[in-house]
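Here is a short report on one protein model.

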Amino acid sequence: MTNSKNKLSTDQQSKFLLLGSIIALTIASSPYIFYLYEIFPNGKVWENSFFTYESLYYENVMTAAWTYLGKIVPLFLLFIWFFTCKHWWYHAILIPIAMYSYQLVISIYQDVYLRVDPLDTNQLIYLAPFFILILSIVYLIRIKIFDRVYGIDLSEIDETDVSVFSSVSETDRRQLKSFQNEKEYWEPTEEDYYSRL
């Protein structure tokens, strides 16, 4: 039984080590991936045996490749960071991922259709709802962690009555009103009085 557990943990460790090595190698090779744009031709048309690509907006295949790889490499590194991050705020990484994805799509759209729309100039307006959604998710996660770490039950805050502008709390004010509204006045005996002291 212990041999199978040891073998299982050894297999898991070797898979973990292999995955970590692949991730480290891809991160280390990211500058080389970016400089792949230099292998593309320095003309408007790129013909090969599979397809023909014509750069309409950039008018140069190398410039188009430089633009695309300038968006793809940071996007790729951000995806690695997002999927390997163990911090509670890792959802905030989705914001730059959305920004680079949007810029990549706009760059490809402009080059393929030769249409220069004002989509890229107002990208913050188009991405603002996504940013607000992600930031609210991150803030809610932060509140939950703060609640768990410091032991503050957020439901108790709703149950307590706290008045900001009065020195007397609402709970004390209610007790005082209920005491004033009692029909008969209760006077403690001398023994009850001393026991309460």
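Glutamate 59 sits in the loop between β2 (52-54) and α3. Its phi is positive, about 60 degrees, although the residue is not a glycine. Most residues other than glycine have a negative phi. Glutamate 59 counts as exposed, at 53% relative accessibility. Buried means under 20% relative accessible area, exposed over 50%, and partly exposed in between, with a 1.4 Å probe and protein chains only.

The model is predicted: local features need pLDDT of at least 70, side-chain atom pairs count only at pLDDT 80 or more, and totals for chains, interfaces and linings use all residues. Residues are numbered from 1 along each chain as its sequence is written, and side-chain values use heavy atoms, with hydrogens and water left out.

**Helix packing**

Helix α3 covers residues 61-84 and helix α4 residues 94-113. Their axes come within 9 Å and cross at roughly 155 degrees. That makes α3 roughly antiparallel to α4. The cut-offs are under 35 degrees for roughly parallel, over 145 for roughly antiparallel and 65 to 115 for roughly perpendicular, with the rest oblique. Axes are lines fitted to C-alpha atoms, for helices over the stretch in contact, and angles run from 0 to 180 degrees between N-to-C directions. α3 passes α4 in a left-handed crossing; the near helix is then turned anticlockwise from the far one by less than a right angle, and clockwise for right-handed.

The α3 side of this contact includes Ala64, Tyr68, Leu75 and Phe82. The α4 side includes Leu94, Ile97, Leu104 and Asp111. Contact means heavy atoms within 4.5 Å.

Next comes α4 with helix α5 (residues 123-150). These axes come within 10 Å and also cross at roughly 155 degrees. Thus α4 is roughly antiparallel to α5. Here the crossing is right-handed. From α4, Leu94, Ile95, Ala98, Met99, Tyr102 and Gln103 take part. They meet Gln123, Tyr126, Leu127, Phe130, Phe131, Ile134 and Leu135 in α5.

The two contacts divide by residue class as follows.

Phenylalanine 82 lies in helix α3. It is buried, with a relative accessible area of 14%. Leaving aside neighbours within four places in sequence, phenylalanine 82 contacts Tyr90, His91, Ile93, Leu94 and Ile97. Its C-alpha atom is 9.0 Å from that of isoleucine 97, 15 residues apart along the chain.

Isoleucine 95 belongs to helix α4. It too is buried, at 18% relative accessible area. Not counting residues up to four places away in sequence, isoleucine 95 touches Phe130, Phe131, Ile134 and Leu135. Leucine 78 is 17 residues away from isoleucine 95 in sequence and 10.0 Å away in space, C-alpha to C-alpha.

**The whole chain**

The protein has 8 helices and 2 strands. Helices (H or I, at least four residues) and strands (E, at least two) are DSSP runs, numbered from the N terminus. In order from the N terminus, the elements run α-α-β-β-α-α-α-α-α-α. Of the 197 residues, 19% are buried. Among contacts with a separation of 6 or more, 49% join residues 24 or more positions apart.
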